[in-house]
Amino acid sequence: MKKVCACLVLLLVALAWSMQSASALPPFNKEWVAKYNPGDKNAAFVEAKCNVCHAGESKKMKNEYGKAVGKYLTKAKYNEIKEDEAAAKKYIIEGLQKAEGEKGGAGKSYGELIKAGKLPGNG
């Protein structure tokens with residue numbers, strides 16, 4: 001009986017942890033869309049969805065832009081401040097602005113690529 005209870009507790013902990021780890025992703029995407037594609041004007045950005053930053057099947061796989069954004073935005077930091085909506089929004093916007101200034105493989109900054117209507121993680 002003790003083994004069954006211990007297994008159930010571990011299962012519940014694992015389930016709670018997995019649900020919590022994904023909590024930061026929607027706010028990052030929401031602020032990205034609001035900043036760079038309000039009104040869904042750029043069809044390429046709409047179609048790309050999460051692949052603006054991510055690549056492949058796993059959300060742990062990031063393209064070059066996603067890696068640049070990841071330098072400035074972390075789930076751990078977001079989870080610390082997420083209760084204060086204004087601070088969380090400021091954190092996300094500042095992180096996105098910092099990533100804009102970094103240059104991609106094509107030699108252009110991510111901000112330049114986004115302004116040109118191109119997906120930043122693709123060159």
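A search of the whole structure, a predicted model, identified four aromatic pairs (rings of Phe, Tyr and Trp, the last represented by its six-membered ring, with centres within 6.5 Å; planes under 30 degrees apart are stacked, over 60 edge-to-face and the rest tilted). One of these is edge-to-face, because the ring centres of Phe28 and Tyr78 are 5.6 Å apart and their planes stand at 80°. This pair connects distant parts of the chain, with Phe28 in helix α2 and Tyr78 in helix α5, 50 residues apart (helices are DSSP runs of H or I of at least four residues, numbered from the N terminus). Both partners are buried, Phe28 at 15% relative accessibility and Tyr78 at 9% (buried is under 20% relative accessible area, exposed over 50% and partly exposed in between, with a 1.4 Å probe and protein chains only). Trp32 and Tyr36 form a tilted pair, with 5.0 Å between centres and 50° between planes. These two residues lie four residues apart in helix α2, about one turn of the helix. Trp32 is buried at 5%, as is Tyr36 at 13%, and together with Phe45 they form one aromatic cluster.

Residues are numbered from 1 along each chain as its sequence is written. Local features require pLDDT of at least 70 and side-chain atom pairs pLDDT 80 or more, whereas totals for chains, interfaces and linings use all residues; side-chain values use heavy atoms, without hydrogens or water.

The largest nonpolar core comprises 21 residues, of which Trp32, Tyr65, Val69, Leu73, Ile92 and Leu96 touch the most other members (a core is a set of buried Ala, Val, Leu, Ile, Met, Phe, Trp, Tyr and Cys residues joined through side-chain atoms within 4.5 Å). Two or more residues each come from α2, α3, α4 (64–72), α5 (75–81), α6 (85–100) and α7 (110–115). The largest contribution, five residues, is that of α6. Beyond its neighbours within four places in sequence, Val69 is in contact with Cys53, Leu96 and Ala99 (heavy atoms within 4.5 Å).

Asn37 occupies the loop between α2 (25–36) and α3 (43–48) and is buried, with a relative accessible area of 3%. Excluding residues up to four places away in sequence, Asn37 touches Trp32, Asn42, Phe45 and Val46.

The count of disulfides is zero (pairs of cysteine sulfur atoms within 2.5 Å). The sulfur of Cys53 lies 8.6 Å from that of Cys50, its closest cysteine sulfur, and is therefore too far for a bond. Cys53 is buried at 19%, while Cys50 is partly exposed at 36%.
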